[in-house]
Amino acid sequence: MRYTDAMAETVAQAPRGRAAAGNPQNRFERIAVELEEPGPDRVPTELLRDGSRSIITYNDSPDVPFDASLNPYRGCEHGCIYCYARPTHEYLGFSAGLDFETRIMVKEDAPELLRRELSSPRWQPQTLAMSGVTDPYQPVERKLEITRRCLAVLAEFRNPVGVITKNALVTRDIDHLSALVEHGAAAVMLSITTLDPDLARVMEPRASHPRDRLEAVARLNAAGIPTGVMVAPVVPAITDHEMPRILEAAAAAGARSAGYVLMRLPGAVAGLFEAWLAEHFPDRKDKVLNRVRELRGGQLNDPRFGSRMRGEGAYAEQIRSTFQTFRRRYGLDQPHPKLSVAAFRRPGEQMSLF
């Protein structure tokens, strides 16, 4: 199904358990299929092999606190309608819509590739972010355990890792995370967008229940793993009023730090989000989009470094002030833990001393 401007004014229903109502045209493709009849009520997840021959990717963005990241999957079954990473699926010949949440590229060789890259003398030990364009704990991870096996490699090398996820499945891997924490080499951030389970079900349909994410914070904290919460993204006129309550709940669960990111709508995400508003919040649609434009210099997206995560203007300042006030009130203003590379080792190298 090709997205057109007219579709934003119609109410297109997403398949059950999905957030996107269809597949907008890939910006790199000249041919698109446009369906006249409604699509199926359910769209199954399709797992596809990713033949990448490297696993560590690098960025030079001043907006993110890491230079290197690791993504065991491409696409994300969580299906968050606002996900800024949706357009990355277009580089694979897919759509940023339903394709992104139903056609998941699986890097089966990720642990082996990671071992090879960490073993190379060219690798300069540094923190790896396990996230970026996909959630490492999306539902299929429960079965495939690729993220878990990558963590086992990181623990063996004692290479620091920062995990960002919306899934309580992260608690399954407390053993590997604890092994890294012994060397100051692991931290976890749980992303909590809303505490309203009904809203979460339609906005991020296959992510963990907000209650389970808070329980994950508590379990990780009890295990001694530095854990924080990201109020992310803040969705104007939909979730912005929840920020104080989310921070309070995070502190009660034992979170040590907190951060936030304002929603951004790059590329096809803007049209998908607008269609989602027409389906779920038709009475609030114009207000939400106007608030987004207020943050983004009159547009639905502002890709400039320095402003894309925080926005600009009076409304952005109001959100920043609210966050700082309640982060301080609930004791979440501790600095994010600085992870250490001091214990990094390449297994087997010690034998060369004898």
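This is a predicted model: local features need pLDDT of at least 70, side-chain atom pairs count only at pLDDT 80 or more; totals for chains, interfaces and linings use all residues.
A disulfide here is a pair of cysteine sulfur atoms within 2.5 Å, and by that rule the count comes to 0. Residues are numbered from 1 along each chain as its sequence is written, and side-chain values use heavy atoms, with hydrogens and water left out.

Cys150 is buried at 0% relative accessible area (buried is under 20%, exposed over 50%, partly exposed in between, with a 1.4 Å probe and protein chains only).

Now to the strands. Helices (H or I, at least four residues) and strands (E, at least two) are DSSP runs, numbered from the N terminus. Strand S9, residues 227-234, has 8 of its 8 residues buried, so the rest of the structure largely encloses it. Strands pair if DSSP finds at least two bridges between them. S8 (residues 186-191) runs parallel to S9, joined by 4 bridges, and Ser191 has Met230 as its bridge partner in S9. On to S10 (residues 257-262): it pairs with S9 over 5 bridges, also in the parallel sense, with Leu262 as the partner of Val234.

Let's finish with charges. A salt bridge is a side-chain nitrogen of Lys or Arg within 4 Å of a carboxyl oxygen of Asp or Glu, and the whole structure has 24 of them. Take Arg27 and Glu90, whose closest N and O atoms are 2.4 Å apart. Arg27 sits in the segment before strand S1 (46-49) and Glu90 in the loop between strand S4 (73-74) and helix H1 (98-102), so this pair ties together parts 63 residues apart in sequence. Is Glu90 buried or exposed? Buried, at 4% relative accessibility.

Asp173 is buried at 0%, whereas Arg172 is partly exposed at 24%. Through shared partners, salt bridges join Glu141, Arg148, Arg172, Asp173 and Asp175 into one network.
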